[in-house]
There are 2 protein chains.
Amino acid sequence: MRHIVLAAAIALSACASAPAAPEGPAPSVADILAQASADEWRALDPENLLVMELPRGQVVIELAPEFAPQHAVNLRALAREGYFDGAAVVRAQDNFVAQWSRTEESPREIRTGRATLAPEFTRPRAGVAFAPLPDGDVYARESGFAGGFPAARDTREIWLAHCYGMVGAGRDVASDSGGGTELYAVTGHAPRQLDRNITLVGRVVQGIELLSSLPRGTGALGFYETPGERTPIARVRVGADLESPPRLQALRTESASFARLTEARRNRRDEWYKVPAGAIELCNVPLPVRAAP
Amino acid sequence: MRHIVLAAAIALSACASAPAAPEGPAPSVADILAQASADEWRALDPENLLVMELPRGQVVIELAPEFAPQHAVNLRALAREGYFDGAAVVRAQDNFVAQWSRTEESPREIRTGRATLAPEFTRPRAGVAFAPLPDGDVYARESGFAGGFPAARDTREIWLAHCYGMVGAGRDVASDSGGGTELYAVTGHAPRQLDRNITLVGRVVQGIELLSSLPRGTGALGFYETPGERTPIARVRVGADLESPPRLQALRTESASFARLTEARRNRRDEWYKVPAGAIELCNVPLPVRAAP
């Protein structure tokens, strides 16, 4: 029986071995990653990793201290005092976010961390290495990558962008009402309107599917209506504190191989594609992560 | 206990009753929808609806005969001969698509429908009413809405755009190798590189969360590795053939209320937002659907 596959998807999986293009000059993503040199990969610092244990597996988040230094300090403190142990995913709103926090049924005092912080929505652009994308952006003057994260900037400031998998610190109406005790991950089309309005603290580098595939909450904003629907969080730890810290590597966004990857995605040259897009939007660029070889 | 909510999300839910902005001139999405006049809503023609029954509920798809007329004819024929009864969701790739088809374990001959069709990737732009968006598009000269669907166009042609929830007909390498026997729905950030490369047949207007929250397949491209992981499809019917056809309405994308909604989303004026985006991208505009009052 014939089994039609969306061959387009092959290039979406960094792990899949895509067939070589029959004549096109552009190699596949898999080819590019296989050919990347060792120094084009950076080891993720375990001190910048949060490891969250859910019933079905681990979610690993890389913090972004270059953009949200005080939130990184606070999230390490909260994780180290066990603040999130026994917390829960309390919200899953379709095409938007999954969100986790302590619950009313399982409150916990903060000991060493802080409940709220000054916002870190943007920072001065000076001093931040930035690899711009060539095709423009609906929401910002420029978009591209900084230190492995999707980002955007204007003439003075730079900020992280709400792409799929990015993690932020929920807040109330006041700008300084967040701090990291409630976190969310983007699980839908990039809600870029949140950029510069809320502090992004990092991104999920492993296990996003454990959050994105949760049943959606049926309450307002996708909150679960009963405690039993929530997904329990056994614990959140700083990677460096684990007996076996995660050994992950990310392709450097300033590397030649990353530039090749971006170009291969701007113009797909495998025979499945009849019309290469000729452009790519910030949140459609994959950010490859692998286990350290 | 304080419970920080991403208030930003309020406006994402057409059903949530958002608080009125304290001073801004722009009303909330809920306000706009509540104020829309009856003739700004169009009834979805049950002849253009496919109703797919999954174990956890119904997925309703609106076909787009203005863009893919032959696929609409074929999908009605396939549904009416029961072709999809006993099919299954065979693939769920994170941040990309869910896909369904017959399986090797449960094949079925096609009787009245066709296995393949000529592609309907684009069509001439002449004759298609189009409501453009003002902020540009990374992938196309213009983007906007046509007959309730997200679309893009150049000086000669117009095509449907791969936004969240759009449904397409999987194909093999040859352009004419699809036809509707394998369908996919977009369940992640818009894969706009697929535009003009594959026939979009419509979009999910109800129940997308039943597809987007499925456990991800662990095989290549997100295919499930064992038959037991697949989600069975009891049946797919044309809405008009049901004893109780779905009675759904969509806000007309050429209406004044839709223009107000778009503007309210371009520049959020509730007090949670500190920096209105000042722009909106095609796939971030909600397309409200409601039960007929």
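**Close-up views of the chain A and chain B contact**

**View 1. The buried area between chain A and chain B.** About 6400 Å² is buried between chain A and chain B, and carbon and sulfur atoms give 60% of this area. The model is predicted. Each partner is counted in residues: 74 from chain A and 74 from chain B take part in the contact.

**View 2. Polar pairs across the interface.** Between chain A and chain B, 27 residue pairs are in polar contact, both residues at pLDDT 80 or more. The count of salt bridges between these chains is zero. On the side of chain A that touches chain B, β4 (88-93), β5 (97-101) and α3 each supply at least two residues. By class, that side of chain A holds 35 nonpolar, 20 polar and 19 charged residues.

**View 3. The two copies and their axis.**

**View 4. The surroundings of A:G217.** A:G217 sits in the loop of chain A between α3 (208-212) and β14 (231-232). Its relative accessible area is 14%, so A:G217 is buried, the limit being under 20%. Leaving aside residues up to four places away in sequence, A:G217 touches A:A92, A:G222, A:F223 and A:Y224. A:A115 is 102 residues from A:G217 in sequence, and the two are 26 Å apart in space, C-alpha to C-alpha.

Methods
Residues numbered from 1 in each chain as written. Chains lettered and ligands numbered in written order. Predicted model: local features only at pLDDT ≥ 70, side-chain atom pairs only at ≥ 80, totals over all residues. Heavy atoms only, no water. Helix = DSSP H or I, 4+ residues; strand = E, 2+ residues; numbered from the N terminus. Buried < 20%, exposed > 50% of the residue type's maximum accessible area, 1.4 Å probe, protein only. Contact = heavy atoms within 4.5 Å. Buried area = accessible area lost by both parts, 1.4 Å probe. Salt bridge = Lys/Arg side-chain N within 4 Å of Asp/Glu carboxyl O. Polar contact = N/O pair within 3.5 Å; in protein donor to acceptor, adjacent residues only side chain to side chain. Nonpolar A, V, L, I, M, F, W, Y, C, P; charged D, E, K, R; others polar.
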